[in-house]
Amino acid sequence: MHDIETVTAATIEKAAERLAGVVTRTPLEPSARLSSRVDAQVWVKREDLQTVRSYKIRGAYNFIVQLDEDVRARGVVCASAGNHAQGVAYACRRLGATGRVYVPGTTPRQKRERIATLGGAHIEVIVVGETYEDAFAAANEDAQRTGATLVPAFDDVRTVAGQGTVALEVVEQLGFVPDVVVVPVGGGGLLAGVGSWLRERHPEVRIVGVEPAGAACMAAALEAGHPVRLPELDSFVDGAAVREAGAVTYPLIHESGAELTAVAEGAVCTEMLAMYQSDGIIAEPAGALAAASLGTVVEVEPGQTVVCLVSGGNNDVSRYGEILERSLMHEGLKHYFLVGFPQEPGALRRFLEQVLGPEDDITRFEYVKRTNRELGPALVGLEIARPSDLAGLLARMDASPLQVERIEPGSPLFHFLL
């Protein structure tokens, strides 16, 4: 058993000593784009450039390196959406330990392959279930059955202390104390660590935690006064899609006085594309959470110094199609309809001429039913130039003799067809 009962500034500083020479001292860079957006001095802490492309190596290594040799010899297991497993894999290889990592089926292939590459012969990757909770249950059962040590992704003081070392680096690199620090939140390990250190060493700093709107488990815990299980979970922001806040992280975050807010998954996608196209930063969805909140759900005062943590860059390139789609829909530029076309010559031409505007573009067209001789329903995806163009498009559809049904995002029909 470890002898650390809680996380303090001292335990985080001790963790930083253990991590010296093991983790990368990632860059702290000014962001002209974000600074312009909120009229402040915005810096980004590039944990996407970390040894395993995320901050998770900090907590994983700080945990495993403190295990007694006989305990470490029995092996370790962990559950992860991908990034924590990479940290565990790297730590095992560096420390000569063996481990098994359990990941849900939603974990991108890119992350799975990176886990295997980083761990080499020291790591076995096991895919189970569809959520982090499924993977955690399997890892916990493994630990009880084999005697291996479970390495928590966020809910352990050693993990939290390791993650908190990010805050030390930020202040040292900046050379002064920032006004605001914005942190992405999943299970809360990063925010608990950063918040604990700042609360004790620099209590004047405003700390903001940002969750995905479809996985806001920490805000739910703060509202209820204890961790609660979310009834539904959107797993798109896979690095932060946690159903229940940690028993260790929740009280630490509560004590830190951190604010909690949430960002829509579509806004995260828009920010990911902006980071890639404007800044040359390949961020995973969780890595774009903090930046996506600025100027939308998080307001700062003009001229303040703001630090956003880019938590990770393990994004699968095959996901960019979905990312673009979600961004366009969030921006109000992409819409879907079921259109009943009469099975007669010229029906499609009339739709193009009478319904579509000069800048509207058909991005998807497929018949969904061919059995009716009189009517042929088609799924039509339209991209418009400006959100304000939608009103005119809908008016032209209403005036048309065609049967048109708009497919609202989030509706059962939307999920069935798209």
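Predicted model: local features only at pLDDT ≥ 70, side-chain atom pairs only at ≥ 80, totals over all residues.
Local features are described at pLDDT of at least 70 and side-chain atom pairs at pLDDT 80 or more, while totals for chains, interfaces and linings use all residues. Residues are numbered from 1 along each chain as its sequence is written, and side-chain values use heavy atoms, with hydrogens and water left out.

**View 1. A salt bridge joins Arg 46 and Asp 48.** Here a salt bridge is a side-chain nitrogen of Lys or Arg within 4 Å of a carboxyl oxygen of Asp or Glu; the model holds 25 of them by this rule. In this pair, N to O is 2.8 Å. Arg 46 is buried (under 20% relative accessible area; exposed is over 50%, partly exposed in between; 1.4 Å probe, protein chains only), at 7%. Asp 48 is also buried, at 7%.

**View 2. Glu 169 meets Arg 58 in a salt bridge.** The N to O distance is 3.0 Å. This pair links distant parts of the chain, 111 residues apart: Glu 169 sits in helix α9 (165–174) and Arg 58 in helix α3 (56–64). Helices (H or I, at least four residues) and strands (E, at least two) are DSSP runs, numbered from the N terminus. Glu 169 is buried at 9% relative accessible area, and Arg 58 is buried at 0%.

**View 3. Arg 386 and Glu 359 pair up between two loops.** Their salt bridge spans 2.6 Å, N to O. Arg 386 lies in the loop between β13 and α17, Glu 359 in the loop between α16 and β12, 27 residues apart. Arg 386 is partly exposed at 37%; so is Glu 359, at 47%.

**View 4. Salt bridges link Arg 33, Arg 37, Glu 271 and Asp 279 in a network.**
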